[in-house]
Amino acid sequence: MASATATVRHPKGPAEPAASPDAGTFLREALDSSVGAKVLVGLTGAGLVLFVLFHMIGNLKLLQGPEAINGYAYFLKHDLGALIWIARASLLFIFVLHLSLAIRLKLRSVAARPIPYAFPGSAQASVASQTMIWTGVVILLFTLFHLAHYTFGWVKGAEVIDPTTGHLVWKNYLNLTDAKGHHDVYEMMVAGFSNVYLAILYLIAQIVLFVHLRHGIPSAFQTLGLKNARFRGPIDVLGLILALVILVGNCAIVLAVKFEFVQAQYKGF
Ligand code: HEM
């Protein structure tokens with residue numbers, strides 16, 4: 001039985017103020033709405049572009065010789081302490097978020113338009129924008145292979161055979177050490193890209209990455225509302241330049257080994 005003192009709300013009284021959403025609800029709503037998801041795809045994409053750019057700059061130390069690249073790798077893995085694990089966890093988080101939201105957006109747009117446009121041109125989407133999801137999947141597969149190759153040393157070509165004797169020299173790239181006893185990343189990269197199949201695979205992956213970034217960078221600016229009529233041209237050029245810099249820088253690393261600009265220090269290799 002209701003108590004006599006209970007507050008009676010008049011049916012025409014002022015509406016109860018909406019409770020302000022907590023952080024969890026806000027994030028869930030943002031992820032659920034297509035606009036929120038697009039903004040997050042843009043922001044996480046920007047984070048990944050920064051990673052790829054800094055990763056390339058670091059890897060270019062290969063051209064400076066073993067001391068530079070091995071010292072840099074040692075600094076990242078040992079001198080940064082817990083910071084490297086925070087960076088790795090953040091990278092994994094934004095990678096997974098970027099990928100899962102992009103796939104969900106694509107599935108939603110396919111579900112909303114089961115019958116394709118009669119005239120592809122009328123969709124006002126370039127070939128690059130339509131292939132974003134596929135180039136993205138190829139980049140994911142490349143990244144998984146790349147981790148298996150250089151981070152875990154699981155790829156068959158990671159074994160090094162002495163060409164003169166045919167004997168196994170190194171069981172695994174990860175066991176290589178330099179004169180200081182540090183992981184010999186220089187020798188590992190030279191051995192990796194001396195394998196012609198691996199070199200071609202890396203070059204193809206860089207071209208796919210270029211196609212993805214060339215459209216993805218200007219598109220992220222657009223989603224974040226930074227690409228108005230005035231800046232449209234410069235932002236498209238910026239996207240093209242950044243994507244080209246990453247393509248040329250990464251291919252230079254692979255080709256420098258292939259054309260022996262960078263050579264193995266190990267005499268038997
Ligand atoms: C030709 C281009 C590239 C080269 C030469 C290269 C080289 C390397 C090397 C040598 C490592 C291992 C470092 C070590 O063990 O000390 C590494 C790790 C890694 N690479 Fe690349 N990479 C390239 C492109 C890429 C691209 C395009 C991506 C992502 C889209 C990527 C993502 C990663 C990730 C996530 C790691 C693991 C980082 C960690 O363990 O902290 N790499 N890369």
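Guide: Two residues are in contact if their C-beta atoms, placed from the backbone, lie within 7 Å. Please keep in mind that this is a predicted model.

Visitor: Which residues does G36 touch, not counting residues up to four places away in sequence?

Guide: With those close places in sequence set aside, G36 touches E29, A30 and L31. G36 itself is found in helix α2.

Visitor: Is G36 buried, exposed or partly exposed?

Guide: A residue is buried if 20 or more other C-beta atoms lie within 10 Å of its own, and exposed if 12 or fewer do. G36 has 16 C-beta neighbours inside 10 Å and therefore counts as partly exposed. Of the 269 residues of the protein, 20% count as buried.

Visitor: How far apart are G36 and L101 in sequence and in space?

Guide: In sequence, 65 residues separate G36 and L101, while their C-alpha atoms are 9.9 Å apart in space. For the whole protein, consider the contacts between residues at least 6 apart in sequence: 69% of them join residues at least 24 apart.

Visitor: How many helices and strands does the protein have?

Guide: The secondary structure comes to 8 helices and 2 strands. Read from the N terminus on, the order of elements is α-α-α-α-α-β-β-α-α-α.

Visitor: At what angle do helix α6 and helix α8 pack?

Guide: Angles of 65 to 115 degrees count as roughly perpendicular. Helix α6 (residues 185-194) and helix α8 (residues 232-258) pack at about 80°, their axes being 8 Å apart. These two helices, α6 and α8, are therefore roughly perpendicular to each other.

Visitor: Which residues make the contact of α6 with α8?

Guide: Helix α6 contributes M189, V190, F193 and S194, and helix α8 contributes V254, V257 and K258. Sorted by class, this contact of α6 with α8 has 5 nonpolar, 1 polar and 1 charged residues.

Visitor: Which residues come nearest to the ligand?

Guide: Of the 18 residues around the ligand, N59, A73, Y150, N250 and I253 come nearest. The shell around the ligand has 11 nonpolar, 6 polar and 1 charged residues by class.

Visitor: Which helix gives the most to the shell around the ligand?

Guide: Helix α5 gives the most, with 6 residues. At least two residues of the shell are supplied by each of α2 (34-59), α5 (127-151), α6, α7 (196-223) and α8.

Methods: Residues numbered from 1 in each chain as written. Predicted model: local features only at pLDDT ≥ 70, side-chain atom pairs only at ≥ 80, totals over all residues. Axes fitted to C-alpha atoms, helices over the stretch in contact; angles between N-to-C directions. Helix = DSSP H or I, 4+ residues; strand = E, 2+ residues; numbered from the N terminus. Parallel < 35°, antiparallel > 145°, perpendicular 65-115°, else oblique. Nonpolar A, V, L, I, M, F, W, Y, C, P; charged D, E, K, R; others polar. Near = placed C-beta within 6 Å.
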